[in-house]
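Please read the following note alongside the displayed coordinates.

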Amino acid sequence: MQEDLRRAFKYEAGIETRKVKVWKLIAKPGVIEKLKTKGEKRYATPGSQAAGYTYINWPKEYLIGGISYLLEEKYPYQPFVDETGLTGKL
């Protein structure tokens, strides 16, 4: 790809390795089985983030999206990384 950029656009590209702070969501051992859905009806609590949330039978992306949104307000340039290993709904 670097060579393609050089040939097509006369760009000199390279790879940089940088250390950055990130928010990392992890799941401790045994937690994944507890979080997996038991087949209940899909449910989410209405209300504000101050009261907390309850998600039942939703894809993990909804939880991660909500957490990311809240963190972005205070830490706008700090990436959020999902390292839970969760698959499916929770």
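1. Tyr62 is partly exposed, with a relative accessible area of 41%, where buried means under 20% relative accessible area, exposed over 50% and partly exposed in between, with a 1.4 Å probe and protein chains only. This is a predicted model, in which local features need pLDDT of at least 70 and side-chain atom pairs count only at pLDDT 80 or more, while totals for chains, interfaces and linings use all residues. Residues are numbered from 1 along each chain as its sequence is written, and side-chain values use heavy atoms, with hydrogens and water left out.

2. There are three aromatic pairs, counted for rings of Phe, Tyr and Trp (its six-membered ring) whose centres lie within 6.5 Å, with planes under 30 degrees apart taken as stacked, over 60 as edge-to-face and the rest as tilted. One of them joins Trp58 and Tyr62, whose ring centres are 4.6 Å apart and whose planes stand at 75 degrees, so this pair is edge-to-face. Trp58 is buried, at 14% relative accessible area, whereas Tyr62 is partly exposed.

3. How many salt bridges does the count give? The count comes to six, a salt bridge being a side-chain nitrogen of Lys or Arg within 4 Å of a carboxyl oxygen of Asp or Glu. Among them is the one between Asp82 and Lys60, with an N to O distance of 2.7 Å. Asp82 lies in strand β4 and Lys60 in helix α3 (residues 60–74), so the pair ties together parts that are 22 residues apart in sequence; helices (H or I, at least four residues) and strands (E, at least two) are DSSP runs, numbered from the N terminus. Asp82 is partly exposed, with a relative accessible area of 28%, and Lys60 is buried, with a value of 14%.

4. Salt bridges that share partners also join Glu3, Asp4, Arg6 and Arg7 into one network. Within this group, the side chains of Arg7 and Glu3 meet at 3.8 Å, N to O, and both residues lie in helix α1 (residues 2–9), four residues apart, which is about one turn of the helix. Glu3 counts as partly exposed, at 37% relative accessibility. A further salt bridge, between Glu16 and Arg18, has an N to O distance of 2.6 Å, and both of these residues are exposed.

5. Is Thr84 buried or exposed? Thr84 is buried, with a relative accessible area of 7%, and is placed in the segment after β4 (80–83). Its side chain makes a polar contact of 2.8 Å with that of Asp82, where a polar contact is a pair of N or O atoms within 3.5 Å; within protein, one must be able to donate a hydrogen and the other to accept it, and residues adjacent in sequence count only if both atoms are side-chain atoms. Leaving aside residues up to four places away in sequence, Thr84 touches Leu25, Ile26, Ala27, Ile32 and Lys60, contact meaning heavy atoms within 4.5 Å. Lys60 is also the salt-bridge partner of Asp82.

6. Lys10 deserves a brief separate entry, being placed in the loop between α1 and β1 (23–26) and counting as exposed at 68% relative accessibility. The C-alpha atoms of Lys10 and Tyr77 are separated by 30 Å, the two residues being 67 apart along the chain.
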